[in-house]
Each structure stands twice: as C-alpha cells, then as structure tokens.
Amino acid sequence: MKRRDVIKDLSLLPLAGSVMISKKPAGEKPSAKTDVAASKEIYQAIGVEPIINCRGTCTIIGGSIERPEVRAAMDAAAQVFVQYDELAFGAGKRLAELTGAEWGMVSAGCAAGMKHVTAACVTGGNPEKLVRIPDLSGFEKTEVIIPAYSRNVYDHALRNVGVTLITVDSIEELTNAISSRTAMIYLMAGDESMSGPMSLEAISKIAKKKNIPVMIDAAAEDLTIPNVHLKMGADVVIYSGGKALCGPQCAGLVLGRKDLVMSAWQASAPHHGPGRDNKVGREETMGMVAAVEAWTKRDHAGEWKRWLSWLDNISKRVSGIESVKTTVVEPKEQLSNRTPQLRISWDPAKLNITGEDIAELFGRTKPRIALGGGSRAGETFISITTGQMQPGDDKVVADRLVEVLSQKRTPQKSEMVAAAVSLKGHWEATIEFFSSKSTHTLMIEQDGNWLQGSHKGEFSVRELLGTVEGNEFKMRSTDRQPGDAITFLFSGTVKDDVMTGSIYMGEYMTAKFTAKKYKFKYKREKIFIPSGPPLAT
C-alpha cells in the first residue's frame, strides 16, 4: 500500500459527540443489526468514529473481524485458569494436528513470533544466553542473513534481539555470507520467495547443508494445508492472527520444527527475559486455535462468491455515471491479501475530482470509509477491497459513491497563486515532538512557486521538494533507511523570515515546528593562494 503525497494536516480520527450505550429491554433477543449498533456506540462513547473497511487487513484500522467461533473460544477461555506451559504444549499439539506442521505456537502477533524465533536461533534454548539479549557478547550465533527483497519495516522484530543483519543481493552473496556466526536466514513471503534465483526453495537447499534455520514471514497470507512454505524448505513459518485467519488481532501463528518452536516459546512470556513484553494470554491462545480450526471448515468458495456479489452491487450502481468504468480483479493465485478487488476509474477532467480526493474525503467524513485511491495514465481511480467488508457495507459504499461522483463541480483551477514570500536560503528548524525537541536544517532554492533543496535531520540529509502560494508552503522529504521510510510533510505559513506550521508524519502522527532564516555573519577578506608547495608546515 503506497502512501499518498497528501500535504495536509488532518486528524486521523475526528471526534464524534459522546454517545451513551443503549441497553436492550429485558428479554429482548439481540440481532446482528443491534449488535453492530452497540459495537459502534462503544467507540463513539469515547469520541472515536468507526470505519467501514474497504482497504483490507490493515493493522492500523483493526486488522480483521474475529469470527464468532474465535470470540466464543476467547470468552470461554477467560473464565478459568490454566498453567501456561501446559497450555502451550496442548495448543502446539493441536495446531500440529490441524495444519500438518511438526509443531505450533501462538505468539502475541506475527512480529512477536518473528522475534521469539530469532531469539531461539540465537540462544538454542539456553536461558543463560536468553537473559543476556540484546547484548550478544560472547554468543556464537549473532547474524541473520536477509535477501534485499525481504528488508522491510517488520524486520525490527529481528533487530530487537540484537543480531546483525547481513543483506545480500544474490544467491552467491548469500552463500559467501554464511559463517559460524549465522543464526538464521529470514525471508518475507512473496513472488521472489516463491520462484526465481533467490527463492525459498533455492535458499533452503543451501541452508540445510549448513544446518541454518530458515524463517519465513507470511503474515497476511492464506494458511495453506499442507503448508507450502514448509514444503519448500522453511523451518518455521509465521502468520498474523488478525488477518486472513480472522483470529485474535493480538495473536500470531508460528508453525514448524518442534525444537525451534519450543525454544521460541521459552523466549516468550510468561517466561522472563527479552520476550516478556510480548505477552499472549490464554484467551488469545485458544482464540487462535479456534481460528485455525474454523479455517479448515470455512466455506472459502462461498466467501469468495459473496465478496464478488458485493462488488457487483457497487459496480452496477456507479456504472451509469459519466466516464466511470469498473473492473473486478480476482487474485486467485496469490496467497497474501487474497481477496477480490473492485477498481472504479474515471476521467478526472469530466468529474473534476480525483481518486485521492475521494479516498481522503471518505476517510475523514461520515460515514467513514477506508479505501484506496490514485491516478495513472490520464485516469484516476479508487479501489475497494472486500475481505473485511461486512453485510450491508456494499449499500453504504455504493450510496456514498453515487452521491459524490454525481455531484456537479466546477473545474479546479490549475493556476497557482503567486508566491508572496521568499523561502530561498538556509533555515534552522526546531521540531517539537511529543516529548522532545530536535534541531533540523532546511536549505531551500525557489523558482516562483516551486521549492527544492535539502532537509538535514539528526542522522541523514534528504531531498526536499515543495510549493509556496501566497505565504503558505507545503514541502516533503523522506528519510529512507533499510526497511524503513519516514515521510515529513511540512505545511504552514511564512512571516518576517519565520516559518510556523506542522509536520504530518503518517503513522508517526504530527509534530509542530518553527524555522528561522539563518543570517550569516562573516568577515570579508581576500583569499591568498600560494604559487607553489609549502616551504614550512
């Protein structure tokens, strides 16, 4: 999912008025409709407006809706006490029976499972080593090899153990990188891991000869039985509970070699050590077992058919609008985020609105709807993903789309308001984060409305681009690190050589900043250049 270049400072969750949760009269049976209303009210009561999810299993809006079997199992599990090691053994055995893997484990999310498996590979189940993490001084195994295509924001889970990541670009580099220090090889599931010169199968053949475990992150994938990744040579595969499985949002599913999975369990809560902060409860454990059991019984073909019917309903409603075209994409071969998607496109010059505009509008106004939006090759579009839509959502989404796309709008002016200020120069910026301040430097060149230059943060220098209209500016820079990217979207005003405004940082929320143009003070003097080599030093 690509981040849109929206240079706006908008609240991610506009507050609604406080709403008291209504109680049903005695004896009245609950209905799906009243349950949904009560679910919305519990959030609205604290000023949070719920969202219709047409975006997929995104953690930041809740991942997935837990299945009834999962909620029932969690509620039942919460009523009694059990010994957690006994629970882990029972759950591991049952998960193995259900999936065909050698053993199973429930973790506090996919990333936590990755962390625990990494710790297992570093310690070998030795608690004397475990309690020293992340200080790996004196450890034999301290490195993890990752193909460049697998570097991602989630490999922080591995780095939290203290290992050194070795990034490789070819199978030859991977072979040469293997040493006595190699604890594990990590792959993110995807096209590159399924085929090609650096596939899981190719890598696992090399790894097995060296007795090096291979872990694969399949967080958003459908669970395959027998497991495709274990068959291709992975030692451990990890899934998110709160995605395709529709299990507990705060749980993960770890499958694979029993010795490694048991060492991973030892490295997780309730045991003390570096994994104590990744606690998984008895409720999530039994909810995850229930989710896997439900997965083996679910009518997947029926779900797919129902999803397509919702997209068909929306498509029929919007197809009569000028220039609107609809296409259904069915990614049947892929495993990750496997769900039908509706792409609705149109000529932005005729409707005078873009897909980005609609995605932003729907995300910030009631009824709140999360969907994708973009532009390409003269067309603009929105995308609707079905996997986490609920019954009735298709009508709400269709009504909203027809309303917005049918509105008559005047063409947006393409001319920019002339710049009334100059941002050219060297600026010293003070950024106010939640609990600290940081000094950054902005070097800006200006050509009319257009800005370019550099943004120096505390650790790196990156390109800065933007615009200025009147005395209002918008600028963007991105700090890129292996596996990570933080985009800074500056917006504000300039007066008397002082910028004031905010910095929207996406998932890292918003900071305030002020910047003052630096006035250089220096002594003017001529420079003398000697005509030959020095005669003294």
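The model is predicted, so local features need pLDDT of at least 70 and side-chain atom pairs count only at pLDDT 80 or more, while totals for chains, interfaces and linings use all residues. Residues are numbered from 1 along each chain as its sequence is written, and side-chain values use heavy atoms, without hydrogens or water.

Helices (H or I, at least four residues) and strands (E, at least two) are DSSP runs, numbered from the N terminus. Two strands pair if DSSP finds at least two bridges between them. Strands of a sheet pair through backbone hydrogen bonds, either parallel or antiparallel.

Seven strands form an open sheet with mixed pairing, in the order 2-8-7-6-5-3-4. Strand 2 and strand 4 (164-168) are the edge strands, and each pairs on one side only. Five bridges link strand 3 (residues 143-147) and strand 4 in the parallel sense. Ile145 has Ile166 of strand 4 as its bridge partner.

Another open sheet has four strands, ordered 9-10-13-12, with antiparallel pairing. Strand 9 (325-329) and strand 12 (372-376) each have a single partner strand, so one side of each is left without a neighbour in the sheet. Strand 9 joins strand 10 (residues 341-346) through five bridges, and the two run antiparallel. Thr327 stands opposite Arg343 in strand 10.

**Helices on the sheets**

Contact means heavy atoms within 4.5 Å. Axes are lines fitted to C-alpha atoms, for helices over the stretch in contact; angles run from 0 to 180 degrees between N-to-C directions.

| Helix 4 (residues 110-123) | strand 2, strand 3 and strand 7 (236-240) | about 160 degrees with strand 7 |

**The cavity**

A cavity is a set of points on a 1 Å grid over the protein atoms alone where a 1.4 Å probe fits but cannot get out; lining residues have an atom within 4 Å of a point. Its volume is the space filled by probe spheres set on the points, which are joined across faces, edges and corners.

The whole structure has one cavity of 30 Å³ or more. The largest cavity has a volume of about 110 Å³. Of its 14 lining residues, Leu87, Ala88, Met105, Val106 and Trp265 are the closest to the centre. Helix 3 gives the largest share of the lining, five residues. By class, the lining has eleven nonpolar (Ala, Val, Leu, Ile, Met, Phe, Trp, Tyr, Cys and Pro), three polar and no charged (Asp, Glu, Lys and Arg) residues; the others, Gly among them, count as polar.

Definitions and conventions:
1 Å grid on protein atoms, 1.4 Å probe; cavity = no way out; pocket = protein on both sides within 12 Å on 5 of 7 lines; lining within 4 Å.
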